[in-house]
Amino acid sequence: MAEQARDKNDSRLTERGRATRERILRAAADMMYVKGVSSTTLDEVRAASGTSKSQLYRHYPDKDALVRDVVALQAAELLKRQHQLLQRLNSLRGLKRWRDALIEHNALRNGAYGCPLGSLASELADQDEEARKAIARHFDSWERLLEAGLERMKDSGVLRADADAGELATGLMAALQGGYLLAQTAQDVKPMRIALDMAIGHVQAYVELAEDVNPPEGGAGGR
């Protein structure tokens with residue numbers, strides 16, 4: 001997925017040059033996720049990626065350019081995972097499986113570090129307008145995946161016709177991001193689980209018909 005974070009000049013790079021760029025970008029993404037953007041220096045990225053100063057500055061002449069690619073990389077990989085989880089969402093059970101997958105993944109770190117995209121937003125939204133706009137677009141794409149699943153639930157009669165899929169998707173996203181933050185602070189995923197359960201409970205208030213007892217397995221679908 002790092003390919004999606006590269007600029008137009010990438011096609012001019014040799015295979016070795018692309019590998020070097022990839023190594024720099026991956027090192028930066030990992031460090032900025034754990035330490036934060038402001039606490040990560042180019043010298044640290046250079047050391048972690050095993051590159052020289054000339055190699056680093058050839059690919060990334062300044063930190064802003066590197067941060068933009070880190071945002072693109074983190075968003076591309078996150079959205080790929082979310083697409084896999086949500087592409088077949090069409091049931092309340094599927095929505096709960098989506099919740100479980102997120103909580104289980106975050107529990108591997110005891111809630112530490114938060115959402116890869118949300119952590120970047122908290123640092124960059126008020127400091128870098130270009131980054132803010134990019135992150136806003138990525139969040140919108142994520143929210144649209146949820147909205148599309150909720151629309152499928154309406155179309156199939158799971159949710160009432162008066163359910164606003166867009167608003168419900170926004171509520172789920174707000175609960176998720178707030179849950180990430182509280183879990184990060186507490187070093188415990190329990191607050192994240194509570195927040196998502198309450199948001200899903202609100203969705204459940206619009207359930208029209210009982211769902212099948214044994215839905216098909218696979219993805220976040222299954223009605």
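Which residue forms a salt bridge with Arg160?

## Arg160 and the model

The partner of Arg160 is Asp162, with 2.9 Å between the closest N and O atoms. A salt bridge here is a side-chain nitrogen of Lys or Arg within 4 Å of a carboxyl oxygen of Asp or Glu. Arg160 is partly exposed at 28% relative accessible area (buried is under 20%, exposed over 50%, partly exposed in between; 1.4 Å probe, protein chains only).

This is a predicted model, in which local features need pLDDT of at least 70 and side-chain atom pairs count only at pLDDT 80 or more, while totals for chains, interfaces and linings use all residues. Residues are numbered from 1 along each chain as its sequence is written, and side-chain values use heavy atoms, without hydrogens and water.

The structure contains 12 salt bridges. One of them pairs Asp69 with Arg21 at 3.2 Å between the closest N and O atoms. This pair links distant parts of the chain, 48 residues apart: Asp69 lies in helix H4 (residues 63–86) and Arg21 in helix H1 (residues 15–35). Helices are DSSP runs (H or I, at least four residues), numbered from the N terminus. Asp69 is buried at 11% relative accessible area, and Arg21 is buried at 5%.

Asp197 forms a salt bridge with Arg99, the closest N and O atoms being 2.7 Å apart. Asp197 belongs to helix H9 (residues 190–204) and Arg99 to helix H5 (residues 92–107), 98 residues apart. Asp197 is partly exposed, at 33%, whereas Arg99 is buried, at 15%.

Technical notes. Helix = DSSP H or I, 4+ residues; strand = E, 2+ residues; numbered from the N terminus.
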